[in-house]
Amino acid sequence: MGHMVQVKGGEVWADDTGADDGAAGPPVVLLHSGVADSRLWDPVRPGLTSGGHRVISYDARGFGRSPAPTVSYTQAEDLRSVLDHFELPRVVLVGSSMGGRTAIDLALSDPGRVAALGLVVPGVNGYDGLEVPEITEEIGRLATAGDTDGLVELALRIWGGAGPDPDTEAETLLRAAIPAWFTTYGHETEGAPAFDRLGELDLPCTLLLGEKDQPEVIRCNEVMAARIPGCRLVRHPDCDHFPTLRAPEDVVRLVTELCERAQAA
């Protein structure tokens with residue numbers, strides 16, 4: 001069921017599959033990447049709900065059905081507001097890329113609320129090796145020219161190397177997400193550096209790395225997994241930056257196993 005959730009100076013659209021009996025463990029909260037909105041999780045959600053999990057997902061500000069921001073905000077603050085809205089004291093967080101960065105920020109700032117951490121091709125604040133100046137310059141050039149087709153083509157080339165041709169699903173998500181890259185600029189405040197604090201994470205954690213992802217992301221993910229105590233690193237040979245599109249069944253198994261670890265912890 002869809003809800004509009006109040007956040008600082010705005011609102012976000014969220015989906016909640018509804019209450020459960022708790023037998024499958026804490027609720028699962030899914031956080032999308034910056035190259036998609038919450039529809040990124042559509043191939044995964046049915047497999048989780050059929051396993052008895054309560055699943056919450058939402059569109060970050062400016063993405064999907066959430067209005068663009070008009071005030072400064074942080075992703076972690078918005079996540080906390082969503083958890084408060086649904087009265088969720090403790091959850092399993094599963095974040096892709098940008099969503100992984102947000103999940104880490106909350107796990108470090110409010111560890112009591114996070115039972116386990118699923119990181120899918122994640123980013124992390126405080127790691128400098130992800131930005132490629134040539135790519136940033138090209139995005140700026142295409143944006144200035146108003147060339148959305150060029151931005152989609154560039155994004156698919158960098159982050160969609162494992163996709164089919166044509167890659168209709170990824171292209172649809174990208175076309176919807178790209179405007180948010182610019183409407184959130186100047187409003188989203190980056191969280192505190194987290195890369196050097198990854199060793200503080202003390203909870204079940206699994207990181208999925210896509211072997212066909214951007215090389216800079218692969219290197220970042222390898223170092224992240226090595227720094228997080230007890231992190232289970234899953235290297236997927238057929239995934240790029242869209243694992244939920246490329247291997248949804250594998251993502252469902254990863255999250256299900258993580259929930260089992262959370263219950264046993």
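Me: On a 1 Å grid over the protein atoms alone, a pocket is an open set of points where a 1.4 Å probe fits, with protein on both sides within 12 Å along at least five of seven lines; lining residues have an atom within 4 Å of a point. How much space lies in the largest pocket?

Reply: This is a predicted model, where local features need pLDDT of at least 70 and side-chain atom pairs 80 or more, while totals for chains, interfaces and linings use all residues. Residues are numbered from 1 along each chain, and side-chain values use heavy atoms, without hydrogens and water. The volume is what probe spheres on the grid points fill, the points being joined across faces, edges and corners. For the largest pocket that comes to about 1400 Å³.

Me: Which residues sit closest to the centre of the largest pocket?

Reply: The lining of the largest pocket has 35 residues. Closest to the centre are Arg101, Glu131, Thr136, Ile139 and Trp159.

Me: And which helix gives the most to that lining?

Reply: Helices are DSSP runs (H or I, at least four residues), numbered from the N terminus. Helix 3 (98-109), helix 4 (133-144) and helix 6 (168-183) each supply at least two lining residues. The top contributor, with four residues, is helix 4.

Me: OK, what volume does the second largest pocket have?

Reply: Its lining includes Arg80, Asp105, Gly191 and Arg197. Helix 2 (75-85) and helix 3 each give two or more residues to it. The volume of the second largest pocket is about 170 Å³.
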